[in-house]
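Dear colleague,

I am passing on the structure we spoke about, and below it you will find my notes on what came out of it. Please read them with the model open beside you.

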Number of protein chains: 2
Amino acid sequence: MATKKVEPRTLKGFRDYLPGTMVPRQAMLRAIEAVFEAWGFVPLATPALEYSEILLGKYGDEGDKLLYRFRDNGDRDVALRYDLTVPLARLVAQHRNELNLPLRRYQVAPVWRAENPQKGRFREFVQCDADIAGATGVVADAEILAVGAAILEAVGVSGYRVLLNHREVLYGVLRASGVTEEGEIRALLREVDKADKLGLGGVLNGLAAAGLGEHRHRSAVDRLLTANEIPDLCDGRLDWLRSAMADDEGRAAVAYLGEVLAALDALGMAGRVVIDPTIARGLDYYTGVIYETRLTDPKVANFGSVMSGGRYDGLVGIFGSQPVPAVGISLGVDRLLDALLELGTLGRGSERVTILVTIFGNETRAASLGLAATLRRDLPAALAAIGLPGRAAVEVATEGGLKKQMQGANRRGADLALVIGPDELAAMRFTLKDLRCGVQEGHDFAAAVEVLAEAVQKRLCDPSAEKRHPS
Amino acid sequence: MATKKVEPRTLKGFRDYLPGTMVPRQAMLRAIEAVFEAWGFVPLATPALEYSEILLGKYGDEGDKLLYRFRDNGDRDVALRYDLTVPLARLVAQHRNELNLPLRRYQVAPVWRAENPQKGRFREFVQCDADIAGATGVVADAEILAVGAAILEAVGVSGYRVLLNHREVLYGVLRASGVTEEGEIRALLREVDKADKLGLGGVLNGLAAAGLGEHRHRSAVDRLLTANEIPDLCDGRLDWLRSAMADDEGRAAVAYLGEVLAALDALGMAGRVVIDPTIARGLDYYTGVIYETRLTDPKVANFGSVMSGGRYDGLVGIFGSQPVPAVGISLGVDRLLDALLELGTLGRGSERVTILVTIFGNETRAASLGLAATLRRDLPAALAAIGLPGRAAVEVATEGGLKKQMQGANRRGADLALVIGPDELAAMRFTLKDLRCGVQEGHDFAAAVEVLAEAVQKRLCDPSAEKRHPS
């Protein structure tokens, strides 16, 4: 093996997740997947690499530039996936005949974008998507948003607001102001998308700078932003938008949004959703409802959208002979994780008690390993029986003598240590030491499972026991 | 958005996982992760992309050629990770001061190799690794192998045999035959590695072709292969190997292997492990024990090694100022999945009952959605109370009229359907239909959770109920 020294470093915009971060992150991902599955979404996976032509032209010019694109060893033009939506559309078109539509799928996987790294923005990050492909209509549009909300609640986010829009509501308002040309609309939406950060004044300046300084442009933007001043109670904002429309198409889209709202209420989301006609999303492919989600706790209100998506009925058709309607939502896992860390609610109720089986010396080694084997075999069932399944881990110490093992256990945040010395071995007994308070007591080998189940329960239920995360 | 038609296709050697494969695959990955965590291994993650210099020279010349290596948008020389071990070594060196060693880590993640695709060999595949970094000795070497064996048992593989070797046992046998030159040893090991497929004759031919046709070369190979003829009972093979050594170093390595075997017995692996001095592994970085694992059921005995690894004490030191000893094991998830599919044991005990809430029409929509919301909120606790946590999924139908919804439910393998028609809505009742046997019965809204918990239990416990996987 080459032994030339190499400086250990990661690429700009890429991260290692050490256990201190990864343990709560993984607990969060598991909770998310459990909700998806409880709602009847099934997992699927697509490759990290795609032919570049599959991805190009779907994310706008800006997106194309951010692709990790290269020629592989076979000189194929390939790129790392940029999101999970376009590969899904490719998959649905490719496997149309093997899939029973509607397909309810979820996927949790990394995506890659060669963005300029900045605080909270990385070049590799995990997306967490759910989609329903092969269904149109109010129920699908509501169901996909409701599963996203259920996830926020499951991971411990209680303060959030979903912003709901429909592409045709947006277009209808623009038409009513005389803005109808596609390129003009795109340019205008790019500016409106910044309203949150820049306010009306900033947006109007942006419009002018983008060559959209006519009255009809300003009027369109003014209407969109004014709608958001109307109290969103008793359909007030919907009524205002309906009255702002100049044609049946726009009014139909407003009525449709009203139905989606009613379905969301029935699914238990009353009071969680507001209409916001300025929501446009950056991506090109949305055709119907559009969602974004803001956290409302002041501590994390500036975290941006933690969950967004919408309907994209045209995307699958690019790859296949038949169009397949689809609606989806994407959660920003890392942003959500940061918010939960900030809110201090992460990982509650999933703490795990670590039991370290120490090795006193060579002559007691087999006894200690045998005790570990017994606990690993029988403790899970004992914990499940008292409602604490999977809440303990059994480690065997692998480093140096007993003193070093104990120091290591403390450093790594282990909870309980078991010791079998020569005298104990002769008496078929072991010592259980609580590493937090230092209390220790002796027990027979035969009682090990029962004793440890009790100790784990005591540790988990003791409100003063602050669980330390391993580093 | 560009609407040019693009043919939907995946790159050679890359795969989509549709739900029919992905559901059992994910169940297997969860079971694997649960074992790792119950044994005190914590998750960590490294990026998919590394600086090429991190990976180059660690896998032999052949491995270097198989890297997905390219220049990124910032003209950096980067490559997709080839395995999970070298990035771990880089991480340990880079974050040495933030980690409390010994670190027990696991990682389940894809790796990329530009291999010539063939049956069962892909260019993107998931590896599943556990490592203990920062510990030497018998207990660490045994613990890492025992967790791998626990995983095989947890996923339903009962017939397997672990082949155990030590680099110094191998080198000791070679020295005893007068083979000591490093390049010569490497070339010879490459041939010995093929003994399984080619037999002694084939290996001897290969030796000759590789310019290793001297008596000492043939003698070394003969000794290695002869050891495997010695019955591995009562340390017979260990004794034979000890007698075959010409120096203390070789004998010490044999004694060490004996200690590892004893520790594995204490950890509950008696009868599972045999010494095989021909095991060499292809990779360059092993320095101590080396493991491979074969499935013994004749149906899958030709699947190759499903779990392999060893000690690599020199790897971290390449990246850091200090060496950090480490031992690890890697499971071939896809190969294991194929074996479980072949054995028919995959996914047993984790079937999920799918409940489809249908939408009769617009006037009953809110009631159906409300019923779905109630079940999603309260059914999980009801199922947990009867020992079936997480064993049901509640879907809302999103496609067309009732007839189409029912057809879709049957096609996708749903188990139970709930219907609320106008008459039922007036009476605050719903119909529960068993989609397998067609039996249907009416119930009050108020009894929904109780009724469905019972129906799920009945379905899961009915031995005639063959669970259909969704496609």
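In chain A, strand β7 (residues 160-166) and β9(A) run antiparallel and are joined by seven bridges. Please keep in mind throughout that this is a predicted model. Within that pairing, Arg161(A) has Arg294(A) of β9(A) as its bridge partner. β9(A) also pairs with strand β10 (residues 307-311) of chain A, again in the antiparallel sense, over two bridges, and here Ile290(A) stands opposite Gly310(A) of β10(A).

How many of the seven residues of strand β9 (residues 289-295) of chain A are buried? Seven of the seven are, so the strand is largely enclosed by the rest of the structure. As for the directions in which they point, Val289(A), Tyr291(A), Thr293(A) and Leu295(A) face one way from β9(A), while Ile290(A), Glu292(A) and Arg294(A) face the other way, and all of them are buried. As background, the side chains of a regular strand alternate between the two faces of the sheet.

These strands belong to an open sheet of eight, with mixed pairing, whose order in chain A is β1-β5-β6-β11-β10-β9-β7-β8. At its edges are β1 (42-43) and β8 (273-275) of chain A, each of which pairs on one side only.

Helix α5 (residues 138-154) of chain A lies across β6 (124-133), β7, β9, β10 and β11 (326-332) of chain A, and runs at about 15° to β11(A). Helix α6 (residues 167-176) of chain A lies across β7 and β9 of chain A, and runs at about 60° to β7(A).

**A three-stranded sheet**

Chain A also has an open sheet of three strands in the order β2-β4-β3, with antiparallel pairing. Its edge strands, each pairing on one side only, are β2 (49-51) and β3 (69-71) of chain A, and from one strand to the next the twist averages 35°. Three bridges account for the antiparallel pairing of β2(A) with strand β4 (residues 77-80) of chain A, in which Glu50(A) stands opposite Ala79(A) of β4(A).

Ala455(A) is found in helix α17 (residues 448-461) of chain A. Is this residue buried or exposed? Ala455(A) is buried, because 20 other C-beta atoms lie within 10 Å, and 20 is the number from which a residue counts as buried. When its neighbours within four places in sequence are left aside, Ala455(A) is in contact with Leu416(A) and Leu432(A). Ala455(A) and Ile355(A) are 100 residues apart in sequence, and their C-alpha atoms are 9.9 Å apart in space.

**Helix α15 of chain B**

In chain B, the buried residues of helix α15 (residues 402-412) are Gln405(B), Gly408(B), Ala409(B) and Arg412(B). Seen down the axis of α15(B), these buried residues fall within an arc of 100°, so they line one face of the helix. After α15(B) comes Gly413(B), whose phi is positive, near 85°.

**How the two chains meet**

What relates chain B to chain A? A rotation of 180°, with 0.0 Å of shift along its axis, superposes chain B on chain A with an RMSD of 0.0 Å; that is the relation of a two-fold axis. Phe70(B) is the residue of chain B that comes closest to the rotation axis, its C-alpha being at 3.2 Å. The same surface serves both copies, as 99% of the contact residues of chain B recur in chain A.

Between the chains, 97 residues of chain B are in contact with 96 residues of chain A. On the side of chain B that touches chain A, helix α14 (residues 365-385) of chain B supplies the largest share, eight residues, and the residues of that side divide into 54 nonpolar, 20 polar and 23 charged.

With best regards

How values were computed:
Residues numbered from 1 in each chain as written. Chains lettered and ligands numbered in written order. Predicted model: local features only at pLDDT ≥ 70, side-chain atom pairs only at ≥ 80, totals over all residues. Pairing = 2+ DSSP bridges. Helix = DSSP H or I, 4+ residues; strand = E, 2+ residues; numbered from the N terminus. Axes fitted to C-alpha atoms, helices over the stretch in contact; angles between N-to-C directions. Buried ≥ 20, exposed ≤ 12 C-beta atoms within 10 Å, placed from the backbone. Contact = placed C-beta atoms within 7 Å. Nonpolar A, V, L, I, M, F, W, Y, C, P; charged D, E, K, R; others polar. Arc of directions from axis to C-beta. Least-squares fit on C-alpha atoms with pLDDT ≥ 70 in both.
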